[in-house]
Amino acid sequence: MKINNDRLLDEVVLAKEYFQSNWEQWKQEETTRDVIISSEEKWLRLFGHVKENHIAAPNLIKIVEYAFCLPGTSAPVERVFSLMNNAWTEDRGLMKESTVKGLMTCKINIGLACEDFYNKIKNRKNFLKKSPSQ
């Protein structure tokens, strides 16, 4: 990601001024509607303002978009490893990686135990067919 630091400073100052000028209005809005305006919503409002007024802020936009792509915690990844360790036990240690991957895909995306998933799809012939691209 290429950032122009000189332009970024100007963009950050612009964002700070925007946030300061709208802060009281947002507090009023939160009180009136009895909701909290998320930081993501505040950034979206800033970017809407930037776009409507044809203000260039490419460096700031890149950084904020990148920051919002990062997960807040590692809990989802830790959950996957926990599920994998439960499935790939010493007794099942001879399973191929592709089998474990299939089990994890089903477990994480479908949320059913293997037997329940089997019972759900066993009579669905179209579901069990391979796709033409495989």
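Guide: Domain bounds come from an automatic or database domain assignment. Here that assignment divides the chain into domain 1 (5–69) and domain 2 (74–130). The model is predicted, so local features need pLDDT of at least 70, side-chain atom pairs count only at pLDDT 80 or more, and totals for chains, interfaces and linings use all residues. Residues are numbered from 1 along each chain as its sequence is written, and side-chain values use heavy atoms, with hydrogens and water left out.

Visitor: What separates the centres of domain 1 and domain 2?

Guide: The distance is 42 Å, taken over C-alpha atoms.

Visitor: Which residues make up the largest nonpolar core?

Guide: In soluble globular proteins, nonpolar side chains tend to be buried together. A nonpolar core is a set of buried Ala, Val, Leu, Ile, Met, Phe, Trp, Tyr and Cys residues joined through side-chain atoms within 4.5 Å; buried means under 20% relative accessible area (1.4 Å probe, protein chains only). The largest one here has twelve residues, among them Leu-8, Trp-26, Phe-47 and Val-64. Two or more residues each come from α1 (5–33), α2 (39–52) and α3 (58–69), helices being DSSP runs (H or I, at least four residues) numbered from the N terminus. The most, five residues, come from α1.

Visitor: At what angle do α1 and α3 pack?

Guide: Axes are lines fitted to C-alpha atoms over the stretch in contact, and angles run from 0 to 180 degrees between N-to-C directions. For α1 and α3 the angle is about 75°, with the axes 8 Å apart. The two helices are therefore roughly perpendicular, a label covering 65 to 115 degrees.

How values were computed. Buried < 20%, exposed > 50% of the residue type's maximum accessible area, 1.4 Å probe, protein only. Parallel < 35°, antiparallel > 145°, perpendicular 65-115°, else oblique.
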